[in-house]
Amino acid sequence: MKKSPYIIIALLFLISCSDVVELDLNNSDPRLVIDARLELQEDGTTSSIVELTRTAGFYIEENPSVTDATVFITEDNGTVHNFTTTGNQGIYTNNTINLQDSNIYTLTIVDQGDTYTSSEQLERTSTFTGVEQESFDGFDDEFLQITASFDDPAGLGDFYLFKYDDIDNDQVDIGDDEFIDGNNADTIFFVEDAVPGTVATIKIMGIDQRCFNFYEVLLQQAGDSGSPFATQPAVVRGNIINSTDSDRYPFGYFRISEVFEVEYTIQ
């Protein structure tokens, strides 16, 4: 079939006149993003990590790391624990903190002339009592339901943060004891395309109600993505303030948790 020369000329004209238009999305001023956590491990050691990034424009896929901040923790008795960072990932660590019940730990971050602070205490938690898996057929593939059980202590007021990790999956869940007080309870994760023999790590962490509310909003915003950090952190404010300029509050959270974990091999 022959094409009309007029059609060809028209197509060439349309192609030659096309331009790439980049929308002006009115990006806001960059804000500091803080993921700070002190975790009391089962062996009694403390993992102390502060991850710092900065919000960026819409067309930038990842927030740039912050590597030149000053980070330290102060105990209520005045003891100061300085954090250090290496490389360009914006990860600050410390190995001198020995978490104790009822002690108050104050995080301080100094970045670009602003001082950010937050004070928290250790939140205890429970250990896992068992892990089970069950297979289901989905629309396209088979998926696994991984169920981890734990005993909630008697008395209302317990809040939990759960984390599931394997080579291809990173999921977060939360729970409270409003309807499970003093009973055995579960947290459930769904894994698609699971490979038998894959070793998964499942964690249970103690948090307070404010932290529970923070993650609840993040998980609602994340929808079906499975990760609370899949959306921009501007959707919810955490527990860290900018004491230099309160209007330029940071995004993120500082928590102190007792942590128990179990390794589970997918069958």
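Reply: Let's start with a term: a residue is buried when its relative accessible area is under 20%, exposed when it is over 50%, and partly exposed in between (1.4 Å probe, protein chains only). Asn239 counts as buried because its relative accessibility is 5%. Keep in mind that this is a predicted model, so local features need pLDDT of at least 70 and side-chain atom pairs count only at pLDDT 80 or more, while totals for chains, interfaces and linings use all residues. Residues are numbered from 1 along each chain as its sequence is written, and side-chain values use heavy atoms, with hydrogens and water left out.

Where does Asn239 sit? It's in the loop between helix H2 (209-222) and strand E15 (241-242). Helices (H or I, at least four residues) and strands (E, at least two) are DSSP runs numbered from the N terminus. Ignoring neighbours within four places in sequence, Asn239 is in contact (heavy atoms within 4.5 Å) with Thr117, Ser118, Glu120, Arg210, Gly252, Tyr253 and Phe254. With Phe254 there is something specific: the Asn239 side chain comes to 2.8 Å from the backbone oxygen of that residue. As for Arg255, it is 16 residues away along the chain, with 8.9 Å between the two C-alpha atoms.

The protein chain has two helices and 16 strands, and 39% of its 267 residues count as buried. Of the contacts between residues at least 6 apart in sequence, 63% link residues at least 24 apart.

Pairing here takes at least two DSSP bridges between two strands. E9 and E10 (residues 142-151) run antiparallel and are joined by nine bridges, with Val131 standing opposite Ala148 in E10.

And the caution: pLDDT is the predictor's confidence in each residue, from 0 to 100. The chain averages 87, and 82% of the residues score at least 70. Over residues 1-16, though, pLDDT is below 50, and that stretch has one contact in the model beyond near neighbours in sequence. Residues 229-234 also stay under 50, with seven contacts beyond four places in sequence.

Methods. A polar contact is a pair of N or O atoms within 3.5 Å; within protein, one must be able to donate a hydrogen and the other to accept it, and residues adjacent in sequence count only if both atoms are side-chain atoms.
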